[in-house]
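Biologist: I am new to this structure and would like a close look at a single part of it. Please show me the model before I ask.

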Amino acid sequence: MNAHDSEKVIGTLVGQGYSQVATPEEAELVFYNTCSIRDKAEQKVFHRLQQFKKDHQGKTFAVLGCVAQQEGEKIFEKAPHVSLVCGSASYNQLPQLLVQLEAGNRRVTGLSLDTEETFETPFARRDNPHRAYLTIIEGCDKSCAYCVVPFTRGPERSRTSASVIAESAELSRAGYTEIQLLGQNVNSYRDPSPAGWDFATLLDNVGRVPGIRRVRFTTSHPRDFRKEIIDAIDRNPVLCNHVHLPVQSGSTRVLKAMQRLYTREEYMHRIAWMKAAERPIAITTDIIVGFPGETLDDLDATLGLLDEVGYDSIFSFKYSRRPNTPALALDDQIPEEEKTRRLAVVQEHQRAIQIQRNAAYVDTVEECLVEGFNKATGQWIGRTSQHKTLNFLRPASDADLTGQYLDVRVTRAGPNSLAGEAVN
Ligand code: SF4
């Protein structure tokens, strides 16, 4: 989401007559987009801002994103060389803020969360020539006890279905073949126009835009995950057979403390829909270990859930205390070393599952979108519909295959990727 916000901010700046340069050295104005999801990421921001000051005297600096929203005007105290602070809910104000900056104003802010608008730009400077991100909903109306997002990105705002379909068609005309729909809770999408489409209807229709060969979406919330989404994937082969459904914990007790709004059983009900799908769906998730009060039995419940679902991969994190979150006040914080130990246990457990799951792909033929070439290994890098990395050889060809769709026979499997040979 942050990466795509940066693409849209660059598009806005280019639309205002600025040009993008390759390095900070060449820039007069430096925009720094930030993340505050974990404490470590936030610490890095202030360290980097000090570094900017030392290395880039005389330039104008702007701080964007969640740290900008969270710290607000305090950023001017901690880093007086910064001139603009703007959170993501105010990005649609950027053209006006730039005017103030150009008029010589040394302290410009865009920090309001009181917005019903999404950040739409006529032009986004996309980095990848084949896969495009497309935001359909911004903000979050949930209140998970550990999360800063509702505070830093504001309430949910959905774009109209007509504007999403129009942008998808424009992307197809520009040569993109894969679209990734984005939102903090992408499946909470609700079309604000009279058409009133839900997420499954929008997904299906983006997958029917001529020229688009793959559609993905991230990130879904289990509470709002409906069976219609799986029905759409079954109906429409353009929709990738991969679902990322963050569970966070396998213990209903911890899920309640996290204010996640579902039980383990309700989550598993959604997994059962995926397992019953006609095309095998790859399932991935996010796990937080060491949430305040998590017992060893709770951790065992999470390990058991990993086995029961058989995830294709997971993103796992240690719980990180964040300002302005309900979990900050909870007793029974888990010591850092114990969180580190639990994280290692979860990752080791999952590694064995991935080895087993990936081994099942050996001797199958998978369609890959070619993402690039690895000079060190002499292999092409491909991505399957199930979002697996498939590195492959294609002898007797020195043409650039990037952006093409090729069939690849899988010959080997590791915990994190597959390897094979192109068959066409
Ligand atoms: S659903 Fe929960 S974890 Fe996801 S962005 Fe909203 S508050 Fe954060």
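Biologist: Is His387 buried, partly exposed or exposed, and what is its relative accessible area?

Modeller: This is a predicted model. His387 has a relative accessible area of 32%. Buried means under 20% and exposed means over 50%, so a residue in between counts as partly exposed, and His387 is partly exposed. His387 sits in the loop that runs between β14 (379–384) and β15 (389–393). Its backbone deserves a look as well: His387 is not a glycine, yet its phi is positive, at about 70°. Most residues other than glycine have a negative phi, and most peptide bonds are trans.

Another residue with such a phi is Asn324, which is not a glycine and has a positive value near 65°. Asn324 is found in the loop between β12 (313–318) and α13 (336–359). With a relative accessibility of 45%, Asn324 counts as partly exposed.

The peptide bond that joins Thr218 and Thr219 is cis, with omega about 0°. Thr219 belongs to the loop between β9 (214–218) and α9 (227–235).

Conventions
Residues are numbered from 1 along each chain as its sequence is written. This is a predicted model: local features need pLDDT of at least 70, side-chain atom pairs count only at pLDDT 80 or more; totals for chains, interfaces and linings use all residues. Side-chain values use heavy atoms; hydrogens and water are left out. Helices (H or I, at least four residues) and strands (E, at least two) are DSSP runs, numbered from the N terminus. Buried means under 20% relative accessible area, exposed over 50%, partly exposed in between (1.4 Å probe, protein chains only).
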